[in-house]
Amino acid sequence: MEGLDLGPVWLSIQLATVTVLVLLVIATPLAWWLAFTRTRARAVIEAVVALPLVLPPTVLGFYLLIVLGPAGAIGRFWVQLTDTTLTFSFTGLVIASVIYSFPFAVQPLQGAFEAVGRAPLEAAATLGATPMQTFARVASPLALRGYISAIVLGFAHTLGEFGVVLMVGGNIPGSTKVVSIAVFEHVETISYTQAHILSAGLLAFSFVVLLAVYALNRRIPIGTAYV
Amino acid sequence: MSPSKSRASRCRSARASIFGASGAGKTTLLRIIAGLEPAARGKVVFDGQVWQEDRDWTPAHERSTASSESLRTARKRRFLPAHERAVGFVFQDTRLFTHLSVEGNLRFALRHGRFASGFGTGTGTGTGSGIGMSEVVAALELENLLARRPASLSGGERQRVAIGRALLANPRVLLMDEPLSSLDTARKREIVSYIEALPARFAIPVLYVTHDIDEVARLSNRMLLLSAGRIAAQGGVGEILGRIDLWPSLERLEAGSVIEARVERHENGMTHLAFETGTLQVPAVDAVPGKALRLRVHARDVAVATERPRQLSIRNILPATIEKIDLDATVHAELLLGIGAQTLRARITRNALEDLGLAEGQQVHALIKSVLFEGRL
């Protein structure tokens, strides 16, 4: 039996970690806005955010390939800026993963902010807290469960992506060859042992993560944001 | 509904109530004052400081330099956000933060609370008196609650914490939105005594929203009567409640009047209250002789006799003058009775009115069946 290459595992973890961090930065303000806005545009934005849930990863990956490729709007700009292509690079994978996992971060956060509601925010304002202080010291702690869901689901979903990575990232060891791609490659080359090890590892990890989320959700009460 | 037209900020007395039926706009008015209704139009001025204003105005720097055609009038809007207004807000549903302990809730206010600021003419600084933690904890008896979680408190305890939290933000006016409405009678009584003591103890004016006339009489000396989003009347509590033309606005509420009396003496478990024209006996009131009390008498508990009755269980009979008879009511007639300088409302049937041949200006005897409310002055 040849030595197992753990490179794809570390790459997957790196990709998922960076993706989650980017997701939190982008998804939090959007989820906040969706939770509290009263404009009709809200439904449109919600639909767009949910698209990655229903689109086949190949369709999403195809469009990303077009846009991020050297001939695409963003891709060309990136080439001018860095002299490297965005497609088939780690950065390109991060962008693709953020888009692919976007609803998994936005939806739990939006739900949590809606559960918090305006009432405690108004109370904080009348006590002299600025909107940022209110967000940091009232809304975020009360929406903790939403954050945990967003982090865990965003992380796990990124680990599990395959189609988008294949379209946008290809199969470059150390750069775009993540676990799911490695498994595919092992199966193609009939290296079932390696495929088994990686697959079982991913299966166990995913189960543990989801178990942790559901167990935690029971422990953190969020039904009432105030009494 | 446009409560924003109200000049409620003019109520400067220490205790004022905003009163009206459900849906009259009481809570909305309070929220506008606090800056919680950014979409509301109108002007809010507190103690000379403009908190909110939208009207045509020309910026000062253009006014001084400009020739007439370059004088630009713009639709400008000034809105001081809620967190910069020096108000304390006690919500009907308390809105304590569940992720913090009681002490954490109080410290939140202490940490973020501010002195007053505002646009324009105001001084921009508060009194600097600084309401302290220990003072609030003592006044509202919160010592034993500090370590508790809000979710584990009773309704009355929550409301006490909410009041304490609002005070610790160091507001210049305390806005209370029906803080008693979710409590049962026993709890109400408990909280009322705390609220009653606030203006004097913390030197802070209280603006109190309620649809309960007894709370108005007990907790305020001035009132604003709201009806369908507009001010129906404002003034002293006794004066407003005695005004016959306002009765339709008060219709859904128990009609009655507020009168003042002085404690004369206590005897056989009864307290004797002195009026200009006589004495009332009521079950013992906890007040020293000489103390002025405010009484509330429901109109249906006042009867009228043309001669001083004898052989009657009702002991409280005061000579009175019929000042006004209002026949608008259905089978009833509403009488406004003058007792010295004060007025008492009575509700009798129109049949009784005709049988007795009552007329305005006539001397009668007011039979007071019960005095339902007492408040200290």
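Helix α3 (residues 57-68) of chain A packs against helix α5 (residues 90-116) of chain A at an angle of about 135 degrees, and their axes lie 11 Å apart. The model is predicted. Chain A also touches chain B, through 18 residues from chain A and 24 residues from chain B. Chain B holds an open sheet of six strands with mixed pairing.

**The α3-α5 pair in chain A**

- The angle between the two helices is about 135 degrees, and angles over 145 count as roughly antiparallel while 65 to 115 counts as roughly perpendicular. α3(A) and α5(A) are therefore oblique to each other.
- The crossing of α3(A) past α5(A) is right-handed.
- From α3(A), the residues in contact are A:L60, A:L64 and A:L68. From α5(A), they are A:G92, A:I95, A:A96, A:I99 and A:Y100.
- By class, this helix contact has seven nonpolar residues, one polar and no charged.
- An α-helix has 3.6 residues a turn, so residues three or four places apart point the same way.

**Where chain A meets chain B**

- The contact draws 18 residues from chain A and 24 residues from chain B.
- On the chain A side, the elements that give two or more residues are α6 (119-126) and α7 (131-142) of chain A.
- α6(A) supplies the largest share of that side, six residues.
- The chain A side divides into 12 nonpolar residues, five polar and one charged.

**Helix α3 of chain B**

- Helix α3 of chain B spans residues 102-112. Its buried residues are B:V102, B:N105, B:L106, B:F108, B:A109, B:L110 and B:H112.
- These buried residues pack against elements of both chains: α7 of chain A, and α4 (133-139) and α5 (155-168) of chain B.

**Chain B overall**

- Chain B has 377 residues, and 40% of them count as buried.
- There are 10 helices and 19 strands in chain B.
- Among chain B contacts with a separation of 6 or more, 69% join residues 24 or more positions apart.

**The six-stranded sheet of chain B**

- The strand order is β5-β6-β7-β1-β8-β9 (chain B).
- β5 (87-90) and β9 of chain B are the edge strands, and each pairs on one side only.
- From one strand to the next, the twist averages 15 degrees.
- Strand β6 (residues 173-177) and strand β7 (residues 206-210) of chain B run parallel, joined by four bridges. B:M176 stands opposite B:Y208 in β7(B).
- Strand β8 (residues 222-227) and strand β9 (residues 230-236) of chain B pair in the antiparallel sense, over six bridges. B:L225 has B:A233 in β9(B) as its bridge partner.
- β8(B) and β9(B) form a hairpin with two residues between them. In the turn, B:A228 has a positive phi of about 50 degrees.

**B:V44**

- B:V44 is found in strand β2 (residues 44-46) of chain B.
- B:V44 counts as buried because it has 24 C-beta neighbours inside 10 Å, and the cut-off for burial is 20 or more.
- B:V44 and B:D214 lie 170 residues apart in sequence. In space, C-alpha to C-alpha, they are 28 Å apart.

Conventions: Residues are numbered from 1 along each chain as its sequence is written. Chains are lettered from A and ligands numbered from 1 in the order in which they are written. This is a predicted model: local features need pLDDT of at least 70, side-chain atom pairs count only at pLDDT 80 or more; totals for chains, interfaces and linings use all residues. Two residues are in contact if their C-beta atoms, placed from the backbone, lie within 7 Å. Ala, Val, Leu, Ile, Met, Phe, Trp, Tyr, Cys and Pro count as nonpolar, Asp, Glu, Lys and Arg as charged, and the others, Gly among them, as polar. Two strands pair if DSSP finds at least two bridges between them. Axes are lines fitted to C-alpha atoms, for helices over the stretch in contact, and angles run from 0 to 180 degrees between N-to-C directions. Angles under 35 degrees count as roughly parallel, over 145 as roughly antiparallel, 65 to 115 as roughly perpendicular and the rest as oblique. A crossing is left-handed if the near helix is turned anticlockwise from the far one by less than a right angle, and right-handed if clockwise. A residue is buried if 20 or more other C-beta atoms lie within 10 Å of its own, exposed if 12 or fewer, and partly exposed in between; C-beta atoms are placed from the backbone.
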